[in-house]
Amino acid sequence: MGVGIEVRGLNAWYGKNQALQSIDMTVPANHVTAVIGPSGCGKSTFVRCLNRMHETIPEARADGSVKVGEMDVYGDGSDPVEVRRRIGMVFQKPNPFPTMSIYGNVAAGLKLNGFRNRKQMDELVERSLKLAALWEEVKDNLHKKSGASLSGGQQQRLCIARALAVEPEVLLMDEPASALDPISTSKIEELIFQLKQHYTVVIVTHNMQQAARVAELTGFFLMGSLIEYDKTEKIFTTPADKRTEDYVTGRFG
Amino acid sequence: MSTPAPQGVSLGRRLSNGGATVFAVGAAILVLVPLLAIFAYLLIKGIGSVNVAFLTQTPKPPGEVGGGMANAIVGTGLILAVASVIGLPLGIGSGIYLAEYARNRFGDVIRFTADVLNGVPSIVVGIAVYSLVVVRQKHFSALSGGVALGIMMIPTIARATEEMLLMVPNVVREAAYGLGIPKWRTTLSISLRTASAGVITGCMLAFARVAGETAPLLFTAFGNQFWNLKLNQPTAALSLQVFTYAISPYDDWHKQAWAGALILIVLIVGAVAAVRIATSRGMLKGA
């Protein structure tokens, strides 16, 4: 089951550049929450702060409080590796491990974390590929084909399966469909809709229709600040803030 | 030879296209010529002296006909094994350090040092190992020969490993971090593995380069007319044996020198090819 996320006073920097300014946001469990905004508004930085991926970039740092379920992400003694194990991530460009088979890709997170039970691993791989709606297309070539040999849309679903295999509680998606064609995009969107039964999903998108289609809640970011955060319908029909209205009606960005 | 140009492309462009293609193909052929010429010449000069005795016997004293270089073949293998045990882990290890951890001043210093070491004449490496190992051990040895060659392998392997790791897209590393895989594990099981084809090529280049080295062995491994399998004893090596025989006044030894050179090249090419085949088979076996 998914868990909720509570963000309080989150700041993030790249060197001396402040990319996020005291963000407060509460993401409910087992919902899909979309993060929208123009390029460079900090939406990617925001989700990367949730699982401490932000700090893997040289000179990048963050402070503030992020609680994911019971876990204090930025607490003393919190281990970023453990955080990332519990908060899965899907990236903008499909990034399967190029030298590994389809099975190897999905099992990588388990194997490299010391998981040894072969039978259970087979089950987890199958379950994850089914959840990612890829099983039927690849089940005959699990070991024969490399992950990189799949089409772009399949690769992205493979990456989703790979993230799900380690059984995270939250799934972060950073523009997961922006590099895909419309058919693959709609498959991913359908999938996101299914996933919220088991996971809390936060999705970054620059495609407002996509946010409207998949998300129950939407947050609008502008220049490193969270301008408005509400039910998706409200954001797109009667936003409270003038800047949100300008953005969703296409007046800028 | 040149790509057919579509209609309506100007004569000038077609000419320069054709010219460039001819130049590139010609250059490629020119690269192949010396290699094939050397190999053919060795084959002509050396094949006559390659026989069972040559491959199974130790050298005969001067004046006696026959004998072989079996001890030198084994000695070369022994020295190269020691060199690989030293050169591969240190070279790959420092390459990993340079690519994944040392994107800073200290890394630049190491990088510069490695490049300088790469340019140090091989005989100088031999002298250094002579004073560091041989003098202390008080005699020549296979070990010191292996150390000299191993040191020469390190910078080549380190720089190749670094370059290959830097070519691994960062999104691949991010994917691993995102799965909660620790950095050291990501480096070994994801980045290094993704770069493995290039890293292995670098290792093979370094190996092939030192396999034929003679100068650094002159006062380390020293050479030996008899069998030796002990690491702390003077040891024969093919390159040394070829050198000794080639500058000798005996006709029979000259022939054997050609044969030795031929065997050395065949062994190096064989080793490189074997590694290539083994790794390309193992490449896609899943994680």
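Mentor: Happy to; we will look at a few paired strands, then at their chain, and then at the neighbouring chain. Keep in mind that this is a predicted model.

Let's begin with β4(A), which covers residues 60-68 of chain A. Its partner β1(A), residues 5-14, runs antiparallel to β4(A), and 8 bridges link the two. To find your place in this pairing, look for Ile5(A), which sits opposite Val68(A) of β4(A). Now stay on Val68(A): this residue also stands opposite Met71(A) in β5(A). The strand β5(A), residues 71-72, is antiparallel to β4(A) as well, with 2 bridges between them. These two strands form a hairpin with 2 residues between them, and in that hairpin Gly69(A) has a positive phi near 60°.

Now step back to chain A as a whole. Its secondary structure consists of 10 helices and 10 strands. Of its 253 residues, 50% are buried. The C-alpha atoms fill a box of roughly 55 × 45 × 30 Å along the principal axes. A compact globule of 253 residues would have a radius of gyration near 18 Å, and chain A agrees because its own value is 18 Å. If you take contacts between residues at least 6 apart in sequence, 68% of those in chain A join residues at least 24 apart.

Finally, chain A has a neighbour: 30 of its residues are in contact with 19 residues of chain B. On the chain B side, α7(B) and α8(B) each supply at least two residues, and α7(B) gives the most, with 6. That side has 11 nonpolar, 5 polar and 3 charged residues.

How values were computed. Residues are numbered from 1 along each chain as its sequence is written. Chains are lettered from A and ligands numbered from 1 in the order in which they are written. This is a predicted model: local features need pLDDT of at least 70, side-chain atom pairs count only at pLDDT 80 or more; totals for chains, interfaces and linings use all residues. Two strands pair if DSSP finds at least two bridges between them. Helices (H or I, at least four residues) and strands (E, at least two) are DSSP runs, numbered from the N terminus. Two residues are in contact if their C-beta atoms, placed from the backbone, lie within 7 Å. Ala, Val, Leu, Ile, Met, Phe, Trp, Tyr, Cys and Pro count as nonpolar, Asp, Glu, Lys and Arg as charged, and the others, Gly among them, as polar. The radius of gyration is taken over C-alpha atoms; the globule rule is 2.2 Å times the number of residues to the power 0.38. A residue is buried if 20 or more other C-beta atoms lie within 10 Å of its own, exposed if 12 or fewer, and partly exposed in between; C-beta atoms are placed from the backbone.
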